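Colleague: Could you walk me through this one while I look at it? I'd like to begin with a pocket.

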Amino acid sequence: MERVAKFEKVSFERFLTDWVKNFPDIGEEKIRGIYEGIRLPERATSGSAGYDFFLPCGIMLAPGEGVTVPTGIRAKIAEGWVLCLYPRSGLGFRFRFQLDNTVGIIDSDYYYSENEGHIMIKVTNDSRDKKELSLEAGKGFSQGIFLPFGITEDDSAAGVRNGGFGSTG
């Protein structure tokens with residue numbers, strides 16, 4: 001097994017900024033407690049491909065409702081690898097719980113962005129059975145898998161990333 005990445009927490013200042021954008025009614029003291037409780041992603045078994053991402057706080061989603069979760073996590077990824085994010089299988093199966101962009105792509109250069117490479121995961125409860133989804137803090141809600149990728153022989157990409165969604169045009 002090749003070791004290609006390392007998960008880290010973003011700084012508290014970065015987490016605070018991103019948390020307040022998504023949950024403006026929570027005070028800084030409570031946000032600090034949420035930050036201190038962040039768990040780095042981990043595999044459940046030695047045969048697991050996916051690293052579970054854990055909720056920093058509980059969420060409740062009615063059918064059709066979504067939320068952006070600031071995970072407090074960043075990933076230092078070796079060149080030639082990408083981190084792909086998916087919903088946890090059981091949640092997708094039972095609730096049609098899904099990532100709003102279907103698959104999240106975390107490139108290796110995202111780590112160096114001004115936002116510290118803070119991984120934000122936007123999810124939706126797409127239940128067609130009118131099931132409300134309630135997940136407690138610390139529950140695994142997404143999983144990330146590291147995959148190698150190739151480039152074309154005539155590739156000439158020279159751009160520099162500085163942010164997340166849409167930052168490369």
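Colleague: By class, what does the lining of the second largest pocket have?

Modeller: In this predicted model, that lining has nine nonpolar residues, one polar and four charged, where Ala, Val, Leu, Ile, Met, Phe, Trp, Tyr, Cys and Pro count as nonpolar, Asp, Glu, Lys and Arg as charged, and the others, Gly among them, as polar. Local features need pLDDT of at least 70 and side-chain atom pairs 80 or more, while totals for chains, interfaces and linings use all residues. Residues are numbered from 1 along each chain, and side-chain values use heavy atoms, without hydrogens and water.

Colleague: Which strand gives the most to that lining?

Modeller: Strand 1 does, with three residues; strands here are DSSP runs of E, at least two residues long, numbered from the N terminus.

Colleague: Changing topic, where is T71 found, and is T71 buried or exposed?

Modeller: T71 sits in the loop between strand 4 (66-70) and strand 5 (73-77), and T71 counts as buried because its relative accessibility is 2%, buried being under 20% relative accessible area and exposed over 50%, with partly exposed in between (1.4 Å probe, protein chains only).

Colleague: And what is T71 in contact with?

Modeller: Leaving aside neighbours within four places in sequence, T71 is in contact (heavy atoms within 4.5 Å) with F15, I38, F53, P56, H118, I119, I121 and F141. I119 in turn touches, among others beyond four places away, F53, V69, L83 and Y110.

Key: Helices (H or I, at least four residues) and strands (E, at least two) are DSSP runs, numbered from the N terminus.
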